[in-house]
Amino acid sequence: MTHYILQNYWWLIMSVLGALLVFMLMVQGGQSMLITTDKAKRPLLINSMGRKWELTFTTLVTFGGAFFASFPLFYSTSFGGAYWLWMSILFSFVIQAVAYEYRSKAGNVYGTAFYDTLLLINGVVGPVLLGVAVASMFFGAEFTVTKANILNAGGNATISQWTNPLHGLEAIADWRCLLFGLMVFFLARTLASLYFINNIDDEEVNRCQHKHLLINSAIFVVLFLATCAVILTSPGMAVDDNGENLAMVDYKYLHNFLDMWWALALFLLGVVAVLAGIGKSLLDKRFTGGIWLAGSGSIVVVMTLFWVLGYNGTAYYPSLSDAASSLNLRNSSSSVFTLTVMSVVSILVPFVLAYIAWVWHKMDHVKLTTGELDATDHKY
Amino acid sequence: MTQLLLNVVDWSRAQFALTACYHWLFVPLTLGLGVIIAIMETMYYRTRDEKWLATTKLWMTLFGVNFAIGVATGIILEFEFGTNWSNYSWFVGDIFGAPLAIEGILAFFMESTFIAVMFFGWKKVSPRFHLAATWLTAIGASLSALWILVANAWMQYPTGVTFNPETMRNEMTSFLDVALSPMAINKFFHTVLSAWVLGSAFVIGVSAWMLLRGRNRDHCLRSLKIATWVGIAGIVLTMVTGHSSAVTVAEHQPMKLAAMEGLYDGGRDQAIVAFGVLNPEKTVDNDENPYLFDFSIPYGLSVLAANDPHSFVPGINDLIAGRSINEAGDTVSTISYAERIERGKLAKEALAQYGEALQSENTARQAELRKIIDDNFNHLGYGYLERPEEAVPNVPLTFYSFHFMVAAGGYLLVFLFVVLAMLYKPQWFKRLRKLEKWGYYLAILTVPITYLCSMSGWIVAEVGRQPWTIQDLMPNKVAISDLSVGYVQTTFWIFAVVFTALLIADISIICRQIAKKSKLDLEKDHD
């Protein structure tokens, strides 16, 4: 396979992982609801999410690892540059990992409320800032890339330099990035409600989650439309097939959708699936499959957003400081050999997804009840 | 500390060391206890004896508490390569990223999927499926260790790559060379098997505490038997792989071996220091005796390094001066560090000019420069050094960590065989019954000793290879991100406070769980 095809293939893999991560952020969405949930019902929600949090965590780690392996220049530029943004995201996941296991254990030193606060922080900060980070790929960031810097003796030898002294915090202050982040946050909350409806057998939880679903999905739809409008009217960095001759082009992402009609068709199909999942769940209170409909739809929508971000001669990480430093699939990827090796490994991805789905089914085909929680020793 | 650490390189190193050390407090217990639990559940599956189920569930509870904090401390390590070591991420991302991605795809998903079955699936899946899930969790943890250790081994012994001056990075040419390098194989087995020993020591220590309290004797004896066998397998094989690790270190990182031994002037028939105290006045440029006191074993280091009692083992001064002794006993010259610095600078200069030749499309000049780069690339990292002495790691820290690790490993071998004898031949110890209580205390004390031993091993591996991020190719000062000292100081202290707070909670929960479970009759009160 040529380098060109491999680079495109790995962007496809990244889009799949990114989309799965957004889907799994339903765990964070659920965590953000804990504070408004009746204390008596809180254990049901926590234990329902607690059996899935590691999958979200693992997807994030794999997303990072795959980016490192396939597009290392993005890894070194964005992570080293937008330091505070990424550190805040990581910090929120560090505190999440222990919160489930420790919150109800005797001797946890700081009390259950402390760990629930950690879950709340991760529930809000995780989706919002991950959204901000992805949005900065659409709207650009302030950095330069000069590979010869590495030969500097004594001076600054760093290849990728961030030219904004806020090192990532400036992205949070950008209303477009924040809008994207809030949209991801409300999507996560919407998916969380659908997941609880599917996973928990409790009348009160069900009623309460339908109410949450109505409010969160309404906000999500408004934010989603606004985000789409901003993205489609924004300029993007165009690049030729060799990864050279970069220039800002108005309505680049809209052009990408129009040029890649199949991506637009899938995007619209995904939107319909999300709306159908939400709508059917709201209209038919006995319908519990909304998570699968809206979940698959959100996965497809996120994938297509990644495609318009990186395909069709687009720099997926435009530099606002130096257009020539912008990162695209050609100038930031690993070598042919590494991408080929990784492609062989990627053949196992469907197998991995299959066993996750199988185990998920095995564990969740009977819904979680208060009775099950009372009868089990290992609970959160 | 603020006075000791002056620049962003030091603080970035300190942050990585801090997060890695915290992570390594929890990982070996996950690796070791995972295997022990899987064996216990296998016993339950085969016998359907509820006692085995109770024993399995007790250790599984402690496994869960430890696993969570291991995951929490682990995520930051992967992303720190990007956040704090951004040059490194580009320079070797083509090689280093692949094992990390494979770790995520093949190992982490296996762990995270099946651990849910392990904890919550007792009544949801068949016993056979549950047993498979427990084994797959343990295997997933070991597979995860495999890939991260492959990546770490590559930093110590970069192989299977070629340098591309156009992209200014190393590019992989042989995945098998990277994944199956002797450094990677030895590192994986040495690390994972040593984790079995730690898991074993943990189970023995906790069981000893329960026995001291006179609680759940049968349960403790069952646990002790499994743990001791795992521990013995672990310690014996750790010693074997420790020796083969030393051989690869001698071959590829001779400076590290010299630092491990505090050896300044090496020779043939080289003795190994079994116990010694370093002379703090000794430096590379004086003639002080390296040791204030030492007890050495003749030929030991020559055997350890090359399986040959007469082989030459270079000391720090030999390596700096490029001095060796051949089989005839004659002193011969190899490449000195001063020359390596010169050749490194030559490679750097050629690289800088290569960029210009590339832009002017001067292919003849490119070929000429390419030859200079290729001929001198193995010394590139030295081109960033000012003095040969900069390539010498911290000798006291490496020396004492190595000797503590070896001494503690020797103690663990004896300890585990004694525990085994006590379990299977209690009659041998009839006369020592009065000392039984002290034996339990010793078993409890062995837990922190094993942790220190395990941590010492990593200190030897990582401090001993300084100043290199990638051996001979990239020193730390070139690998870092463009960040201010204040930024890294801030995140360092945030992680120091948060991880310490979580460690306190972790220890407290584990102690409380042990106390709580020990008060129950485990064979009746498990759910």
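**Figure 1. Asn312(A) in the loop between helix 13 (290-310) and helix 14 (336-346) of chain A.** In this predicted model, the phi of Asn312(A) is positive, near 60°, and the residue is not a glycine. Asn312(A) is partly exposed because 19 other C-beta atoms lie within 10 Å, whereas a buried residue would have 20 or more.

**Figure 2. Val109(A) in the loop between helix 6 (83-103) and helix 7 (112-139) of chain A.** Although Val109(A) is not a glycine, its phi is positive, at about 70°. Most residues other than glycine have a negative phi. Val109(A) has 16 C-beta neighbours inside 10 Å and therefore counts as partly exposed.

**Figure 3. The fold of chain A, with 16 helices and four strands.** The C-alpha trace of chain A spans about 65 × 50 × 40 Å along its principal axes. The radius of gyration of chain A is 21 Å, in agreement with the value near 21 Å that a compact globule of 380 residues would have. Of the 380 residues in chain A, 56% are buried. Among contacts in chain A between residues at least 6 apart in sequence, those that join residues at least 24 apart make up 76%.

**Figure 4. The side of chain B that touches chain A.** Contact between the two chains involves 68 residues of chain B and 65 residues of chain A. On the chain B side, two or more residues come from each of helix 2 (50-83), helix 3 (86-120), strand 2 (169-172), helix 11 (337-359) and helix 16 (485-519). Helix 3 of chain B contributes the most to this side, giving 26 residues. Divided by class, the side of chain B that touches chain A holds 41 nonpolar, 17 polar and 10 charged residues.

**Figure 5. Packing of helix 5 (residues 72-81) of chain A with helix 3 of chain B.** The axes of these two helices are 8 Å apart and lie at an angle of about 150°. The crossing of helix 5 of chain A and helix 3 of chain B is right-handed. From helix 5 of chain A, the contact is made by Pro72(A), Leu73(A), Tyr75(A), Ser76(A), Phe79(A) and Gly80(A). From helix 3 of chain B, it is made by Ser86(B), Asn87(B), Ser89(B), Trp90(B), Gly93(B), Asp94(B) and Gly97(B). By class, five nonpolar, seven polar and one charged residues form this contact between helix 5 of chain A and helix 3 of chain B.

**Figure 6. Domain 1 and domain 3 of chain B.** Chain B is divided into domain 1 (8-253 + 393-525), domain 2 (257-333) and domain 3 (337-388). The centres of domain 1 and domain 3 of chain B, taken over C-alpha atoms, are separated by 40 Å. Between these domains, 10 residues of domain 1 of chain B are in contact with 12 residues of domain 3 of chain B. Strand 8 (474-475) and helix 15 (476-479) of chain B each supply at least two residues of the side of domain 1 that touches domain 3. That side of domain 1 of chain B has seven nonpolar, no polar and three charged residues.

**Figure 7. The cis peptide bond from Gln466(B) to Pro467(B).** Omega of this bond is near 10°. Most peptide bonds are trans. Pro467(B) belongs to the loop between helix 14 (436-463) and strand 7 (468-470) of chain B.

Technical notes. Residues are numbered from 1 along each chain as its sequence is written. Chains are lettered from A and ligands numbered from 1 in the order in which they are written. This is a predicted model: local features need pLDDT of at least 70, side-chain atom pairs count only at pLDDT 80 or more; totals for chains, interfaces and linings use all residues. Two residues are in contact if their C-beta atoms, placed from the backbone, lie within 7 Å. Ala, Val, Leu, Ile, Met, Phe, Trp, Tyr, Cys and Pro count as nonpolar, Asp, Glu, Lys and Arg as charged, and the others, Gly among them, as polar. Axes are lines fitted to C-alpha atoms, for helices over the stretch in contact, and angles run from 0 to 180 degrees between N-to-C directions. A crossing is left-handed if the near helix is turned anticlockwise from the far one by less than a right angle, and right-handed if clockwise. The radius of gyration is taken over C-alpha atoms; the globule rule is 2.2 Å times the number of residues to the power 0.38. A residue is buried if 20 or more other C-beta atoms lie within 10 Å of its own, exposed if 12 or fewer, and partly exposed in between; C-beta atoms are placed from the backbone. Domain bounds come from an automatic or database domain assignment.
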